[in-house]
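Here is a short note for a colleague who has not seen this model before. Please read it with the structure open.

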Amino acid sequence: MADGRAPWFVGWGTLALINAGLAQGKNRSGLVWFLVSLLLGPIATLVLVLLPKVRSTLF
């Protein structure tokens with residue numbers, strides 16, 4: 001990857017890890033959001049920020 005794409009891969013992967021942590025903080029699946037973030041990147045971050053936190057119990 002001597003053509004300059006390496007920083008993009010590192011940044012995209014880091015963003016996916018951050019999104020996984022953000023998703024877990026909102027009681028959502030970190031693995032699912034990690035995979036979604038690999039595909040959508042910053043759009044997944046925006047969606048995660050706008051989604052409300054899932055309640056863990058009903059009462």
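**Notes on the model**

1. Start with the contacts. Of those in the protein with a separation of 6 or more, 49% are between residues 24 or more positions apart. Contact means heavy atoms within 4.5 Å.

2. A word on the basis. This is a predicted model, where local features need pLDDT of at least 70 and side-chain atom pairs count only at pLDDT 80 or more, while totals for chains, interfaces and linings use all residues. Residues are numbered from 1 along each chain as its sequence is written, and side-chain values use heavy atoms, with hydrogens and water left out.

3. The protein has 3 helices and 0 strands. Along the sequence the pattern reads α-α-α. The radius of gyration (taken over C-alpha atoms) is 14 Å, well over the 10 Å that the globule rule gives for 59 residues, so the protein is more spread out than a compact globule. That rule is 2.2 Å times the number of residues to the power 0.38. Helices here are DSSP runs (H or I, at least four residues), and strands are runs of E of at least two, numbered from the N terminus.

4. The C-alpha trace spans about 55 × 15 × 15 Å along its principal axes. Buried residues make up 20% of the 59 residues. Buried means under 20% relative accessible area, with a 1.4 Å probe and protein chains only.

5. Now the helix pair. The axes of helix 1 (residues 6-25) and helix 2 (residues 30-40) come within 8 Å and cross at roughly 145 degrees. Axes are lines fitted to C-alpha atoms over the stretch in contact, and angles run from 0 to 180 degrees between N-to-C directions. Residues making this contact include Trp12, Ala16 and Asn19 of helix 1, and Trp33, Ser37 and Leu40 of helix 2. The contact residues divide into 10 nonpolar, 5 polar and no charged. Gly counts as polar, and Ala, Leu, Phe and Trp are among the nonpolar.

6. Is serine 37 buried or exposed? At 1% relative accessibility, serine 37 counts as buried. Serine 37 lies in helix 2. A polar atom of its side chain is 2.7 Å from the backbone oxygen of tryptophan 33. Beyond its neighbours within four places in sequence, serine 37 touches Trp12, Ala16, Asn19 and Ala44.

7. Last, valine 49, placed in helix 3 (residues 42-50). Leaving aside neighbours within four places in sequence, valine 49 is in contact with Leu22 and Lys26. Its C-alpha atom is separated by 17 Å from that of leucine 35, 14 residues apart along the chain.

How values were computed:
Buried means under 20% relative accessible area, exposed over 50%, partly exposed in between (1.4 Å probe, protein chains only). A polar contact is a pair of N or O atoms within 3.5 Å; within protein, one must be able to donate a hydrogen and the other to accept it, and residues adjacent in sequence count only if both atoms are side-chain atoms.
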